[in-house]
Amino acid sequence: MTSYFRPALVLLGAFSLLTGAAYPLAVTGVAQAVLPFQANGSPVLKDGAVIGAALIGQSFAAETYFHGRPSATAAADPQDPAKTVESPYNAANSTGSNLGPSSAALKQAITERVAALGGGAQPADLVTASGSGLDPHISPQAALVQIGRVAAARGLAEERVRQLVQAQVEPPLLGVLGEPRVNVLALNLALDRLAR
Amino acid sequence: MTLDLIQFLIFATLLLALAWPLGHYMARVFTGEAQFLAPVENALLRLAGEGRPQPQRWQAYALSLLAFNAAGFALLFLMLRFQNVLPLNPQGFDALSAHLAFNAAISFVTNTNWQSYGGETTLSNLSQMLGLTTQNFVSAASGAAVAAAVARGFAAKQTRVLGNFWVDLTRTTLYILLPASLVLALVLVALGLPQTLAGSFDATTLEGAQQSIALGPVASQVAIKQLGTNGGGFFNVNSAHPFENPNALSNLLTTISILLIPVAFCFTYGRLVGDRRQGGALFAAMAVLFLVGFGAIYGAERLGNPLHAGLIDPTAGNMEGKEVRFGIFASTLWAAATTAASNGSVNAMLDSFTPLGGLVAMLNIQLGEVVFGGVGVGLTGMLLFVILTVFLAGLMVGRTPEYLGKKIEAKEIKLAALTLLVMPLGILVLASLAIATGNAQSSVQDAGPHGLSELLYAYTSATGNNGSAFAGFTANTPWHNACLGIAMLLGRFGYIIPILAIAGSLSAKRPAAETAGTFPTHGPLFVTLLLATILIVGALTFLPVLALGPIAEHVSILAGQSF
């Protein structure tokens, strides 16, 4: 039996060092040297301050901004750490709603979101929670239905805002891979630049 | 639709173009022909006292594997229990509770990567790297070693030996997993995945709120969790998180990585047993099941949720829990791949899939993780069904069943039949126990039949060593951490030990020459029989409980009923 101990312990130790330390540290070293922007989370700067990450969605509630998708992320309740409170786009704790398809709570939430948007059949992504709770994108349709509200709140011509949205639509890679989408943070940054 | 078909063809073409040469290369790794890393390999083996490795019989091979996995469990358990006093813990996370550490250690040692916790809120960088990443490599290498040993045993001419576990473990890690992960990790960083030792950074959003953005050594862990059919993500939501999977290209590459080594193993097997048609037959059976499963999930999600008709524009399908950049196609292809291949990573929340989409994901696992399956163990799981199929075919024509010229006798059939009990034990018995004790009711999130689906999925995922979840289920309780841990052990070693025993038994037999009366184990007839065996066993075992869960939910939704 003891003849199994030595190889088991030695190889476990060796592979811990090789695959658990040398491998991630080597990748970290190369990544930090060659690709520092991506390796450090693709931060977005505005006037020298970090205002977010290019790949991570953030919460937009103001009338003057395009809104992202509903987010199911939560955070610890400041009053009682044992409980959680809603905290959309909490990038320290990703989660989806995980509500099942027959959930009455899900139907209720969707119904309320649709009503808030003025009823009718709304773009699916605008009234459903994303998987990560941090989805940085909305569909082009979901951006288009918000144009009227944003243009009115900013006192801009709708056509002007529409052109801006269309310029921000990212097509599928090579025309086929992935889905057409709009990065909400990039769109809102462009909107702020337009206003200046 | 057309675009989705083109996307699928790109995916399938790239997958096969990579898996075919990889399969042949892997065969060279297991025969010992590949030698370019010999200095490192020999140094490691000498240090381990295996400088002159002897071929092992099946018992010694299995004991070596068990000793290595037991040591891995002990080390990981201690590391998680004491992460609060260990270095590289920038966010100052606490130690894991005993039951959570038990569950997590078993989970990563058995190549399951079920996560009862959220990565970014629970684990230090040291735990993620030295603890989990190590097991991601060596648990996959252990599975690959089993497949190599079984192939050798099936092909052996009365040698009684299966190879040396320590050599197979070392060579798989050095020659296959490490180089592939290094390349993939760096490509993924270029595509946007973070790779840093920092724990988070702070941003002030456009609306003036504070946003703390978690990150870490993400790319290195994502590369091996995809390639090693591990599936345990850096973040709670796994590859749905934009930092694990930011765009269509990262998604394509990581989806291919889920299936790459399991597909390649079909071709490796054909080479190792000296008859490529045998590997081709296994590949064909797996591919048929995969295509049917994917088509069903895709259709179900594309059609969307009838309960939300009139509220949601129907063209987009069921988007709850899915990411815009992936949409229906890439989310469902991933779901089919990850449940077929025993990976368990997700890029969309399976709990929010339609009832039929969720059913197929669950069934993919319940069939025994043989649709490509985990690294190595998917292939050996399929070989168990091959043995049962030649036995059934032998009964039909009244001949002694043979596989690769070896007589399949009572001992092999008994062992193979024993493994048929693993899935029902781990899933049906343990889930029933949870219901009878009230532990199921307190952990499910959803009411109605979907609650049963959540419970069922948890035990299915654990027993199948998959690791994906209907994540509304609260698994981090002493009861479920313990029982899911037992299910994972059962699902791992309940297959590995019998298949090694069968390989040991077959390695002692003399292969008979092929005659006109030999039933060929390749070609469409055999593949059809194999598929029928898998589906009949799976359906007989699980249809009743699936009727109470996802099927009941489906008909409720059609009747307009929510819970």
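Me: How many bridges join β5(A) to strand β7 of chain A?
Reply: The model is a predicted one. In it, β5(A) and strand β7 (residues 181-183) of chain A run antiparallel. In β7(A), A:V182 is the bridge partner of A:I138. The number of bridges joining β5(A) to β7(A) is 2.

Me: Which are the edge strands of the open sheet in chain A?
Reply: The open sheet of chain A is formed by 3 strands in the order β5-β7-β6, with antiparallel pairing.

Me: Which residue takes a positive phi in the hairpin of β1(A) and β2(A)?
Reply: Strand β1 (residues 43-46) and strand β2 (residues 49-53) of chain A pair in the antiparallel sense over 4 bridges. A:P43 stands opposite A:A53 in β2(A). The hairpin has 2 residues between the strands, and the one with a positive phi near 50° is A:D47.

Me: Which helix gives the most to the side of chain B that touches chain A?
Reply: Counting contacts as C-beta atoms within 7 Å, 105 residues of chain B are in contact with 87 residues of chain A. That side of chain B divides into 57 nonpolar, 37 polar and 11 charged residues. The helix that gives the most, with 11 residues, spans residues 165-190 of chain B and is α7.

How values were computed. Residues are numbered from 1 along each chain as its sequence is written. Chains are lettered from A and ligands numbered from 1 in the order in which they are written. This is a predicted model: local features need pLDDT of at least 70, side-chain atom pairs count only at pLDDT 80 or more; totals for chains, interfaces and linings use all residues. Two residues are in contact if their C-beta atoms, placed from the backbone, lie within 7 Å. Ala, Val, Leu, Ile, Met, Phe, Trp, Tyr, Cys and Pro count as nonpolar, Asp, Glu, Lys and Arg as charged, and the others, Gly among them, as polar. Two strands pair if DSSP finds at least two bridges between them.
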